[in-house]
Amino acid sequence: MGRFVKQVFVITGAAQGIGLAVAQRAAREGGQLLLVDQAEQVLAIAKEMREDGYDVVAITADLETFEGAQSAIDKALEKFGRVDKLINNVGGTIWVQPYHKYEPAQIQKEVQRSLFPTMWCCRAVLPAMLKSGGGAIVNVSSVATRGINRAPYAAAKGGVNALTVALAFEYAEFNIRVNATAPGGTEAPPRVTPRNSEKSSVQQDKWYKQIVDQTKQTSFMHRYGTLDEQASAILYLASDDASYITGTILPVAGGDCG
């Protein structure tokens, strides 16, 4: 469709899953991309995309730190001179269990993983967007803010929702739109980089199945979504088609409210 010709994207969590699907779609629509991930696989993905003729570079960074987020934005500015679109996709449940089973260190790690990369990347990109006269930020949240067996993750994504609306209110006058999608259950290939290295137990598998069952039961469509369905919503909010939309949390969950 060519919606993003010569528009510069920074896409985080781009080595797999939703982030990779967004990158592939944005590249096909003419975007110039910086892909960011902690996994070195992202470098090989960018190389393959360049070989296919797309304008794509990549960087590995720890986005749980401000320094990592700033390094990513600096790389985009060095390569392309500006950032038009920021897609904050880093995050995801690390452990699945009832809240009283979480260790304090696990709770802290869940929040660190699923809230701070979005906070840091927004903080890092805003000066560049202010200087260039505008931009669009799309944060990837979750309908799991009303789910089971992952309360710390739910709290972190609730923070993403609050941040989205606060920044939209604060920066609308500067032509910067800030929105979020809230994905529901999404079918995806097995993760190349696991979220944790612990071997799953029979009990943990049961707790995870409870999440799957709850997701399908509460969704009007009684199914998981696809990566392409998630990418479509994200790119819609990033595009000029959504030029009068800001401060919105868009559920992409087949009617599931969590």
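A residue counts as buried when its relative accessible area is under 20%, and as exposed when that value is over 50%. Keep those cut-offs in mind for the views below, which show a predicted model.

**View 1. Ile 94, tucked away in a loop.** Let's start with Ile 94, which sits in the loop between strand E4 and helix H4 (104-114). Is Ile 94 buried or exposed? Its relative accessible area is 7%, and buried means under 20%, so Ile 94 is buried. Now look for Gln 70: 24 residues separate Ile 94 from Gln 70 in sequence, and their C-alpha atoms are 25 Å apart in space.

**View 2. The whole chain, before we zoom in again.** Here you can pick out eight helices and seven strands in the protein chain. Buried residues account for 52% of the 258. Take the contacts between residues at least 6 apart in sequence: 73% of them join residues at least 24 apart. The chain has 26 positive and 26 negative charges, and the mean positions of the two sets are 3 Å apart.

**View 3. Helix H1 and what covers it.** H1 has twelve residues, and its first and last C-alpha atoms are 17 Å apart, close to the 16 Å expected at 1.5 Å a residue. How many of its twelve residues are buried? Nine are, which leaves H1 mostly covered. Among them are Ile 18, Leu 20, Val 22 and Arg 25. The buried residues of H1 pack against several elements, including strand E2 (32-37), helix H2 (41-51) and H8. Just past the end of H1, look for Gly 30, which takes a positive phi of about 100°.

**View 4. Arg 25, a buried arginine in H1.** Zoom in on Arg 25, which lies in helix H1. With a relative accessible area of 15%, Arg 25 is buried. Which residues does Arg 25 contact, leaving aside its neighbours within four places in sequence? They are Arg 3, Asp 228, Ala 231, Ser 232 and Leu 235.

View 5. H8 covers residues 227-238, and its twelve residues should span 16 Å at 1.5 Å a residue; the end C-alpha atoms are 17 Å apart, so the helix agrees with the rule. Its buried residues include Leu 227, Gln 230, Ile 234 and Leu 237. What covers them? Helix H1 (17-28) is part of the cover, and so are strands including E1 (8-12), E5 (135-140) and E7 (249-252).

View 6. Lys 6 is found in the segment before E1. Lys 6 isn't a glycine, yet its phi is positive, at about 65°. With 55% relative accessibility, Lys 6 counts as exposed. Next, turn to His 222, in the loop between helix H7 (202-218) and H8. His 222 isn't a glycine either, and it has a positive phi of about 55°. At 52% relative accessibility, His 222 counts as exposed.

Technical notes:
Residues numbered from 1 in each chain as written. Predicted model: local features only at pLDDT ≥ 70, side-chain atom pairs only at ≥ 80, totals over all residues. Heavy atoms only, no water. Helix = DSSP H or I, 4+ residues; strand = E, 2+ residues; numbered from the N terminus. Buried < 20%, exposed > 50% of the residue type's maximum accessible area, 1.4 Å probe, protein only. Contact = heavy atoms within 4.5 Å. Lys, Arg positive; Asp, Glu negative; His and termini not counted. Charge placed at Lys NZ, Arg CZ, Asp CG, Glu CD. Expected span 1.5 Å × (residues − 1).
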